Amino acid sequence: FCLLQNQQVLGESICFSSNNMGKGKIFIDGVEGGTDSMGNTYYSRDEMWKNELDRADPTSEKGWYGKGIKYWEDVPASVDGVLGGFGHVTDVDLEESELFYQTLLREGHLKLTEPGRAADCGAGIGRISKGFLCNHFKAVDLVEPVAHFLQTAEKELSGFNDGNYIQIGLQDWVPQQGAQSCFVIFLHLDLNSLASYRLSLLGLYDVIWIQWVIGHLTDEDFVAFMMRCKRGLKEDGVIVLKENACTEGFIVDKEDSSVTRSAVYLEGLCKAAGLSVVAQ
């Protein structure tokens with residue numbers, strides 16, 4: 001887990017590596033209540049999620065994910081659109097991401113012997129892939145649920161990217177696997193002996209980059225998604241999370257169905273997924 005804290009609109013860049021923590025109920029110490037964009041106050045995250053998820057099926061038009069998709073479907077497929085009117089920060093954002101990436105290489109947290117494969121999660125119109133990831137990876141898989149964003153991304157990256165364009169929400173995305181995990185057993189009848197060989201499990205990705213999107217996932221889907229991402233990494237791969245964080249608790253945006261979490265909240269969910277800090 002590498003943490004680079006950028007002030008103001010840049011939020012936080014976080015790089016994770018996996019440990020062996022198991023599944024279980026999500027316990028997070030130090031997370032108090034929060035508020036939403038309508039001025040409502042919640043005494044706990046459980047109260048907030050009950051309010052948001054009990055009213056409708058999350059995938060329905062009036063549910064948590066349905067409302068989020070509907071909001072972004074009405075947003076123009078432009079840099080200013082995907083950045084919520086803050087298109088002017090794109091250059092400094094990409095510069096900071098480049099510096100963070102170089103830090104990972106320099107400090108040995110990311111080891112690349114050749115241009116590999118990355119995933120751009122919540123890729124939007126391909127802003128990060130075009131301005132940063134495609135400069136370092138032969139193939140970038142763009143994961144994005146909004147059709148007109150992904151169509152724009154594919155046009156923008158035509159001829160520059162050997163990766164895939166995957167229209168799906170992160171709550172449903174399963175990272176591709178490389179080598180399969182299995183045991184190969186040979187029985188030598190003439191020697192009356194048994195020999196077994198294990199083929200290692202390898203994910204497909206050197207880097208899974210998650211920026212300004214994780215707030216659209218519920219707590220349970222956040223943890224499940226991160227656990228799948230762990231299985232999608234190569235042996236020395238990393239997960240990078242760049243996200244805005246509030247000072248304490250959480251703030252729910254009722255318009256686009258997202259939640260801005262505090263750093264303690266974010267780290268607690270990552271810990272529940274079995275992720276650990278590798279550098280700060």
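Colleague: Leaving aside its neighbours within four places in sequence, which residues is Ser97 in contact with?

Modeller: In this predicted model, Ser97 touches Phe132, Trp209, Gln211 and Lys242. Ser97 itself sits in helix H4, residues 90-106.

Colleague: What makes Ser97 count as buried?

Modeller: Its relative accessibility is 1%, and buried means under 20%, so Ser97 counts as buried.

Colleague: Why is the pairing of the side chains of Ser97 and Lys242 called a polar contact?

Modeller: The two side chains come to 3.2 Å. A polar contact needs a pair of N or O atoms within 3.5 Å, one able to donate a hydrogen and the other to accept it, so the Ser97 and Lys242 side chains make one.

Colleague: What about the nonpolar side: how many residues has the largest nonpolar core?

Modeller: That core has 40 residues, and those with the most contacts inside it include Trp173, Ile208 and Phe225. Several elements each supply at least two of its residues, among them helix H1 (45-53), strand S10 (205-211) and strand S11 (233-243). Helix H7 gives the largest share, six residues. Apart from this core lies another one, of 21 residues, including Phe132 and Trp209.

Colleague: Why call such a set a nonpolar core?

Modeller: Because its members are buried residues of kinds such as Ile, Phe and Trp, joined through side-chain atoms within 4.5 Å. In soluble globular proteins, nonpolar side chains tend to be buried together.

Colleague: And for the whole chain, how much counts as buried?

Modeller: Of the 280 residues, 48% do. The chain has eight helices and 14 strands.

Methods
Residues are numbered from 1 along each chain as its sequence is written. This is a predicted model: local features need pLDDT of at least 70, side-chain atom pairs count only at pLDDT 80 or more; totals for chains, interfaces and linings use all residues. Side-chain values use heavy atoms; hydrogens and water are left out. Helices (H or I, at least four residues) and strands (E, at least two) are DSSP runs, numbered from the N terminus. Buried means under 20% relative accessible area, exposed over 50%, partly exposed in between (1.4 Å probe, protein chains only). Contact means heavy atoms within 4.5 Å.
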